[in-house]
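Colleague: I'd like to learn how to read the place where two chains meet. Could you walk me through it?

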Amino acid sequence: MASDDKVKIGIMSFAHMHAHSYTAYLMGMDSVKVIGLADDDKKRGRAMSKEFKIKAFDNCKKLLKEDIEAVVICSENSKHAELAIMAAEAKKHILCEKPISTNIKDAQKMIEACKKNGVKLMLAFPCRYLTSVTRARRIIENGEIGRILAIKGTNHGSFPGGWFVDVKKSGGGAVMDHTVHVVDLMRWILNKEVKRVYAEIDKSIHNKKIDDCGTLAFEFHGGVIATLDPSWSRPKSFMTWGDVTLDIIGEKGVIQVDAFAQAINVFDDTKNKHYWANWGSNADTKMLRSFVDMIRYNKEPAISGYDGLKAMEVALGAYESAKKKQAVELPLK
Amino acid sequence: MDRVGVIGCGKMGLKHMDCFRRIPGVKVVGVYDTNAVKCKECSGVKHYETVAELFKDCDIVDICTPTNTHKEYIMEGIKQKKAVFVEKPLCRTMDEANEILKEAKKKKAKIMVGHILRYFNQYANIKRLVDAKAAGKPCVVRISRVNGFRRGSNNWFSSLEKSGGVILDLMIHDIDFLMWCFGDVERVYAMNLMSKGVQDTDYALAVLRFKNGVIAHLEASWAHYSGFRTSVEMACDKGLISYDSRNPNTLAVEFAGGRNFKDSPVDENATLVELKDFINYTRSGKIPKLDIDDAYGCLEVSLAALESTKTGKVVTIKKGKF
């Protein structure tokens, strides 16, 4: 493909580790040219610039002045809004890491800025591209297990450390980090919004200043009941980082998704560790392909800013519920 | 010789009868069932036409009837100074439970409720690991018990009034197990299908907060089609404990023609061990692995969960113990 026809993309911040894999996958696409990056952590920016052989700009403003059509935002959650609005005003399409932001007002401003400036905002929910998930959704759409009655979900993880455990930068711990993926899947499968959320939340596993475990229970409009465990509860000795699971109870059948169970067992004496090597298909590349195609073919984003907002709202509702020790009705007032 | 009379000839009644017969010094004198046809299907024992006649001939009554009928048989047992074994749950409502406890304490009656998990090797060993702080302090617990739907006599399970649905039938086992491990419950939030009017099946999800801080997620299902399955996961501050009944198959057999089965056999038949513990209690007075207060507390939490499904609100456990 001629260089001029390629979709030119800039990376705004490598604070979130996904920036690394996103950049690698984007650079592997024939239809994409990654122009450069900007990172407020200069050292990290230089290291990434060297690794990917792309230009590191002094700041985001300079990156946005370049001839680029789109940006990928992988900053700390609390900076999503500022960067996204800046990018929107510079008329760049946006792929924003989840969660969309740390509060409803910021999310609304982001969506508004994109609308006003005629640019597209897509949220990075790669779980929608997991093969087991897309297959399950197709089985449900075909009516093969009848009406959906209940969903039991988990998105367990390990303790991430870094800015993830600084509430000012992340907006919240395990509940903020791991509620949005699975709630997004449930919304996508059911085509319904959460009506009521209840949560028990604690920081008892790691005893840091931020929530690290809990369990959410919610009900969707239309009556589907659901729960979700977003805990950072996989110990260091565990075989893998965590999981995404969905047990979907239908009137005529039950579907169980264990999206990261495609594993080869490795027993490594040098690390005294048993771990899983995943052999599943890559969901990130499909998500990035969708983002690039959105730009090339002028399509609507597969996962909108509104999707990002509604998923985050459930996490915020969970925090409010845990604080009040009672169920909370959505949307939040 | 201890003479046992079994009331109710359903699945549990038959199972108990088989086990009681294997305990030395115990004799099953006979059975009674409101359905005479069902009664006659039990072989090798006398069939009583009235429960009063059965009471006359036994020292111990074993109540294996639909949940909403437990109370009247228990009260009759106490009145007639019989030792009483009753399949879980103790009874259907807290009013009934209060009446039973009051009378049982007054008369010093020996009553045991069949919360059998405490007698299963795997659950007893999980409890041992928890007590030994094998992975540190438990923080978030997930426990599950799923099965297909059984109709029972006159489809009594599908009546919320009679059975209490899957919460009072299956989830109550795990509630008892968790209370055995972690003590009293602070509050409960639960959702189910039966309270929403779904027929001939039930599925329930509950979140418990224990007084010791543990958060527990419970799943109980009659909506799973591939048979009985249970699991436990305890995420702790120094590691994780997990058990899944699907995985430890120490025995797998496949026959030409496609029939196959998997099993994980143990020497101890949990029902037999449970009933032996009960018989020992009736003979020596040694309190079994769970006493009536445990069963009362477990019922209170289970009914609180059921209440939560109806109101959509969290229920704080007030009483704790009778």
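Colleague: How much area do chain B and chain A bury between them?

Modeller: Keep in mind that this is a predicted model. The size of an interface is often given as the accessible area lost when the parts come together. Here, chain B and chain A bury about 2900 Å² between them, and 63% of that is on carbon and sulfur atoms. On the chain B side, B:Arg142, B:Tyr189 and B:Met191 lose the most area to chain A, together 17% of what that side buries.

Colleague: And how many residues does the contact take from chain B and from chain A?

Modeller: Chain B gives 32 residues and chain A gives 41 residues.

Colleague: How many salt bridges does the rule find across the interface?

Modeller: The rule finds 7 between chain B and chain A. Take A:Glu219 and B:Lys196, whose side chains meet in a salt bridge at 2.9 Å, N to O.

Colleague: Which strands of chain B each supply at least two residues of the side that touches chain A?

Modeller: Those are β7 (138-146), β8 (185-192), β9 (203-210), β10 (215-221), β11 (229-236) and β12 (239-244).

Colleague: Now for surface patches. Which residues make the nonpolar one of about 240 Å²?

Modeller: That patch is made by B:Leu251, B:Phe255 and B:Phe261. You'll find B:Phe261 in strand β14, residues 260-263 of chain B.

Colleague: Why is B:Phe261 called partly exposed?

Modeller: Because its relative accessible area is 36%, and partly exposed covers the range between under 20% (buried) and over 50% (exposed).

Definitions and conventions
Residues numbered from 1 in each chain as written. Chains lettered and ligands numbered in written order. Predicted model: local features only at pLDDT ≥ 70, side-chain atom pairs only at ≥ 80, totals over all residues. Heavy atoms only, no water. Patch = residues over 30% accessible without salt bridge, like charges linked within 9 Å, V, L, I, M, F, W, Y side chains within 5 Å. Areas by Shrake-Rupley, 256 points an atom, 1.4 Å probe, with all protein chains shown as cover. Salt bridge = Lys/Arg side-chain N within 4 Å of Asp/Glu carboxyl O. Helix = DSSP H or I, 4+ residues; strand = E, 2+ residues; numbered from the N terminus. Buried < 20%, exposed > 50% of the residue type's maximum accessible area, 1.4 Å probe, protein only. Contact = heavy atoms within 4.5 Å. Buried area = accessible area lost by both parts, 1.4 Å probe.
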